[in-house]
Amino acid sequence: MNGHVKNMHFQQFMETAATLLSLLLLMTVDSTKTVALSTNQQCGNLLQQTLKITRIVHKESGDLIKTYKAAQGEMSELFCKVSVNDIPDPNISGLDPPARIASIYTHLQAFLPHFKRVYKQQTDLQSPGSPLLKELTRVWGRTESLASFMNTFYQSLFPNLPIPEPAGGPTTLPPAQNVFQQKVYGCVVLKTYKDFMSNVSKELRNLKSKVCTKRTPINAF
Amino acid sequence: ISDIFFYFYDYHLVIAPQSPVVQIGSNLTAICMINNTTEVTADDLYWKLSEIIPKEHYIKINSSALNVTVTIRSEKSEWLFCSCKTESHYVVLNRGKFTHGIWLRKGYRPEKPKNLSCIAVQESDTISSNIKCQWEAVGHQTEAVPTNYTLFIRQTGDKIYTASILGPVNKTTVDLNLFPHHMELEIWVVAQNELGKEESEHLIKLANCFVKTKPPSVAVISEAVFPTSLVMSWNSSIDKSYLETIYEIRFCPLGSQKWFYVPLADTSRYIQSFRLQNLQPDTVYVTQVRCKYNNNNKHCGYWSDWSSNVTERTPEDLPKSKPDVWIITSEEGLNKRQIEFICKDPEFSNGRIRRFNIMIEKQKDSIRNGTWEIIPVNRSLTDGSSSKKQITPLKTITLDDEESVTVYVTAINSVGASPQAKLIISRKTREPPAVEKTEVQSHNGQLFLSWKPPNRTVSEYVVEWVSDGERNWQRENGKTNYTAIKGDLKQFVQYRISVYPIYGKLVGKPVLERAYFEQGVPSQGPIVNLSGDPGCYTAKLEWDEIPLIKRRGFITNYTIYYRSGTETRGITVPANTTSYILTSLSRNTKYDIWIKASTIRGSVNGSNHSFTTLKYAPGEIEGIVVGVSLGFLFVVLMTMLLCFCKKDVIKDNFWPQIPNPGDSTIGNWSPDYPLKAEAPRENCLSGISVLNVDVCDAKCVFEEDKASLPLKKDKYLSEEHSSGIGGSSCMSSPRQSVSDSDEGGDMADTTASTIQYSSVVASSGYKGQNPSSLPQQSIFSRSESTQPLLDCEENHDTMVQEGSRQCFLRQPCFTHNAGNENATDSNDFNPLEMEQQEVLDFCPLEEDTEHTAPADCQSDDWIPAPVSSYMPQLGGYRPQ
């Protein structure tokens, strides 16, 4: 009888411990979920913010091309159809999200010298108060800002991965050009940039589901 | 301190610290050190701020250092001196080395700026890169220690933009080059001066939360199939990629001041169109939209301004209510009425009423016998609300007092017809009862009408008001007994307000009241005129009532003013008076009159009118003339009566009994005779007795007189007294009387021709009748002459020489006359004698002149008289 009683006490103790253990386990899991949710939300916010800025740049680059064509006179439509070397590729490279985000960042950095050169060329071709110069300045500045933000975004998502600089050293610029070549060059740069920004928008939309919905094995590399 | 000593090596007193910035309200501790001298000690030092600081604030550190602690209270910067009071020779000679001062710059510690806010406004199609921020600067600052404010804006990526501004300014602008849409900004302000540094709270928001965009551009369309809705659409003023906006919509009927807001829950998302519902058909609405950054329903950012008004009219719909039909009744001959049916559009006409259909039925027929008549409405397309106020005359009929009719009216717009309105006009003799005890009051900018309901159940009341040909009415529930006139009443206009009870559809008797919405002072005074002519003491005034449009209120009374000179009097008469008789006026006085008309709001004077009262009342002059005439006549009659009664007395007085000259003893008088015997005789006859005159001389004289006699003959009776001979008026009248006597013309002529001299005789003779007056005998002997003295003066000397002859020449005249007189009756001659006597009694000058004549003529024995007094008379006669 006593032994039975002892067994019952022990059984009750075990049930209570199991219950507490289950509860503790549940709380741990829930806490993990909360952290994950918080991280995902922050990721989503950053990604959303990046996407919005990208849309602005995309929109402004589209406006810039229209303004550019209007400012170049006749046959401006043909300028943009000519292929020019040493222009960054509008396509995003890389296989995984960090590589692709890094690719976006390096592309943005690569376009900056081209903007600078186009701005310099158009300063000679346009009057000082030209809308083209204003818009060019704006897109140029917006690109710098986006590149900076992309860096921040990358480092927040992948804090242990250094962001790569453009491969092959500084961006190579084409040699000296005549006015026609300058017009063609500027148009191609802007058009390529617009295409690039279009690709960035798509990429960021895709990244949203890949990066922010599940915990990324960030230390896998 | 060692640096200070080095710097002020040549000085014997040095203060530390040097030029401090001190906080107002805090304690300042300074130390004064004696340097490189033994002339003074710390006991010889003293401190001075604005005045010498008491010693209790000093702390002696050692023999060469003195400390002081003072509380800084004033804001004004000042010097703090450390000096030496020793007057040794060295100190006196080196006074500058024994005094040292520091300049105290005073200020306040900066405080934490509050309420930091920033805004970035839209320019063209983008947001400006300039962010304007302002804050509330807390605390004080002084000119000596100003506060510098620095605005910091840090955007994502740790890029920081700053802008600094000095002084009491509390706003500044930072240029970000590009507005960082979708990036987070951290903004704060640092207030800093030499006394400290304070930082405001940090504003951490998305950059779009600082944006104020332009309002969207709005368009509104209506759809015919939805008469109660409008579709609004708009374009955002800024691209969606920059920021998504939420919207707020408001609308109101045109002319209304009250906006209706669409709930934010329906528009708090990025939309570009919205359908307004439950609107009134055929009504113009005004719509507006504004927008604000949509931060996932987290309220941040600034609402844009409201967009400009966009108006649109909702489509028409069927009229939903009956037209408001009413009547205007007027008398039309004996036992007849003229009734005009008028109508207002239905309250919910839901469109422009194109026509009215009306049918009038005679009540005596049991079946509907009327036919519909179409009354087209020719009305311009205006706002629906204004068209509702318009009154459309439908039809006018003449109705016997014993007839009753029923009228049906419908209103038709472009969509269809309204429900039917009905009204019954009863027989005049059987009109339902009216309301009782109506009362009108103006209160709080409204005109209230109350009444006591009749005993019968009333379905509704019609309150009608009319003024200046304008008519309007409103309907009230049958259970109410008061209402406010809802029309647009004008000030100072008299309204005739009627209340009609409606029994079912039967129109009852009206009750009329007159009222003003607001009374004022009449714009014109009454014009006063006189009724007829004014009298001596009264005048009747008449004036017309002030025209209704200028009356501007109920006349409480009139005051009649009348003024003569500076005195003005006033008489107040009731408002229903239009004439008045002024009494107690003064005769022959000019009066100015005017009338003041008064309302409860004030008075106004009418035009002036002047009149003058009569000097004499009509008939007064005639009365006076008649009275005076009668009085004169009475006096004349009385005089005549008196004369008649007292004729004897009068006769005795005016024609006294004179003794007959014929009986006088003078007839025997002669110079040779004793004077005693001649005295009673008439002196004129004395000439007759002079018979010893030389005939020749007498003849000459006679001829001369005779020649002049015919010329004078006719004048003797009337003009002799005015001739040169008869210059004395004393002589004239008696001669006329003589000439009027019964004596013949010859007699008169004779008398007249001799009267110059005979009168002297008569006078003497008459006077000589008094036997006792002997001296008068000598006077009697003088010749009386009234000839002008002018000739006498001219021929004075000559006359004196010829005096005796002249006198002598006259004697034949008497002689001649005497011859004629002998034949006459001496009695007839008496009156002449009497008159001459009287006249001569009043001629003393002639008496004087008479004294000389007898002397020359009679004898040398006669008492000689002054020749000069007699001679001019002779000379003056000759020219005649």
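Trainee: How far apart are the closest N and O atoms in the salt bridge of B:E331 with B:K428?
Mentor: A salt bridge here is a side-chain nitrogen of Lys or Arg within 4 Å of a carboxyl oxygen of Asp or Glu. B:E331 and B:K428 form one, and their closest N and O atoms are 2.5 Å apart.

Trainee: And what do we have to keep in mind about the model and its numbering?
Mentor: It's a predicted model, where local features need pLDDT of at least 70 and side-chain atom pairs pLDDT 80 or more, while totals for chains, interfaces and linings use all residues. Residues are numbered from 1 along each chain as its sequence is written, chains are lettered from A and ligands numbered from 1 in the order written, and side-chain values use heavy atoms, leaving out hydrogens and water.

Trainee: Is B:E331 buried or exposed?
Mentor: The cut-offs are under 20% relative accessible area for buried, over 50% for exposed and partly exposed in between, with a 1.4 Å probe and protein chains only. B:K428 has 29%, so that residue is partly exposed. B:E331 has 53%, so B:E331 is exposed.

Trainee: Which residue forms a salt bridge with B:D305?
Mentor: B:D305 sits in the loop between β24 (284-293) and β25 (310-313) of chain B, and the partner, 93 residues apart, is in strand β18 (residues 211-212). Strands are DSSP runs of E with at least two residues, helices runs of H or I with at least four, numbered from the N terminus. The closest N and O atoms are 3.3 Å apart, and the partner is B:K212.

Trainee: What is the angle between the planes of B:W79 and B:F81?
Mentor: Rings of Phe, Tyr and Trp (its six-membered ring) pair if their centres lie within 6.5 Å; planes under 30 degrees apart are stacked, over 60 edge-to-face, the rest tilted. By that rule there are 25 aromatic pairs over all chains. B:W79 and B:F81 are a stacked one, 6.0 Å centre to centre, with the planes at 20°.

Trainee: Which helix gives the most to the positive patch?
Mentor: Patches take residues with over 30% relative accessible area and no salt bridge, joining like charges within 9 Å and nonpolar side chains (Val, Leu, Ile, Met, Phe, Trp, Tyr) within 5 Å. Lys and Arg count as positive, and this patch is A:R55, A:K202, A:R205 and A:K208. A:R55 is in helix α1 (residues 2-72) of chain A. Three residues come from the top contributor, chain A's helix α5 (residues 179-211).

Key:
Accessible areas come from the Shrake-Rupley method with a 1.4 Å probe; for residues, only the protein chains shown count as cover. The place of a charge is taken as NZ of Lys, CZ of Arg, CG of Asp or CD of Glu.
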